[in-house]
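Here's a quick briefing for anyone meeting this structure for the first time. Have a look at it below, then read on.

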Amino acid sequence: MAKSTRRETVLNAKVVALLQEQVGMEAHASATYLAMSSWCEANGFPKSAAFFLEHAEEERGHMLKIFHFLNDNGARAFSPEVKDIPKEFKGLRDVYEKTLDHEIAVTDSINAIVKLARKEEDYASEHFLQWFVEEQLEEERLVRDILSWFDFVNEKESKFALRLIDERIPVGA
């Protein structure tokens, strides 16, 4: 009787390592957005506070999506350690600029994993990551749109102008 071999996972080990790093990146984003929500609430920007609270949950969902993908496909996901969460910001524009910087970093990370998955012929991971590629396009577009509102006010952003921007922030969409 021939002995069958069983692989633990069909996923490429290098891709799995990057996906595990992405789990940590998404966890960090969730904690950062939670801190941004708190800052916005404390500084009188209720819609922005709600926006970042929603995005903290969304990023946690992204983390869990990758976490489950790894576990469901024979790799083992690990709970990430989250450190160095910013707590203070220069102003509302700074919060959204840091958000865009973060979203661009996530896009770059996802693209790097897709590139490696394609190179290593890990088609399952490449297919899985397409959802994240689309999601990142939406996330960057949303934050760029919000930042464009700041361009309508001058560098001496008045409290009134900031309040008007805050009132336009999409929540619950």
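Just after helix 3, Glu121 takes a positive phi of about 60°. Keep in mind that this is a predicted model. Helix 3 itself runs for 28 residues and spans 41 Å from its first C-alpha to its last, close to the 40 Å expected at 1.5 Å a residue.

**Nonpolar cores**
- The largest nonpolar core has 24 residues, and Cys40, Phe52, Leu92, Tyr96 and Phe150 have the most contacts inside it.
- At least two residues of this core come from each of helix 1 (13–42), helix 2 (46–72), helix 3 (92–119), helix 4 (123–150) and helix 5 (159–168).

**Aromatic pairs**
- You'll find 10 aromatic pairs in the structure.
- Trp39 and Phe45 make a stacked pair, because their ring centres are 6.2 Å apart and their planes sit at 20°.
- Both Trp39 and Phe45 are buried.
- Tyr96 and Phe150 have ring centres 6.3 Å apart and planes at 45°, so this pair is tilted.
- That pair ties together distant parts of the chain, with Tyr96 in helix 3 and Phe150 in helix 4, 54 residues apart.
- Tyr96 counts as buried at 0% relative accessibility, and Phe150 is buried with a relative accessible area of 0%.
- Tyr33, Phe51, Phe52, Tyr96 and Phe150 are linked into a cluster by ring pairs.

**Charges over rings**
- Lys65 lies over the face of Trp131, 4.2 Å from the ring centre.
- Arg168 puts its charged end over the ring of Trp149, 4.6 Å from the centre.

How values were computed:
Residues numbered from 1 in each chain as written. Predicted model: local features only at pLDDT ≥ 70, side-chain atom pairs only at ≥ 80, totals over all residues. Heavy atoms only, no water. Core = buried A, V, L, I, M, F, W, Y, C linked by side-chain atoms within 4.5 Å. Buried < 20%, exposed > 50% of the residue type's maximum accessible area, 1.4 Å probe, protein only. Helix = DSSP H or I, 4+ residues; strand = E, 2+ residues; numbered from the N terminus. Expected span 1.5 Å × (residues − 1). Phe/Tyr/Trp six-rings, centres within 6.5 Å; stacked < 30°, edge-to-face > 60°. Lys NZ or Arg CZ within 6 Å of the ring centre and 35° of its normal.
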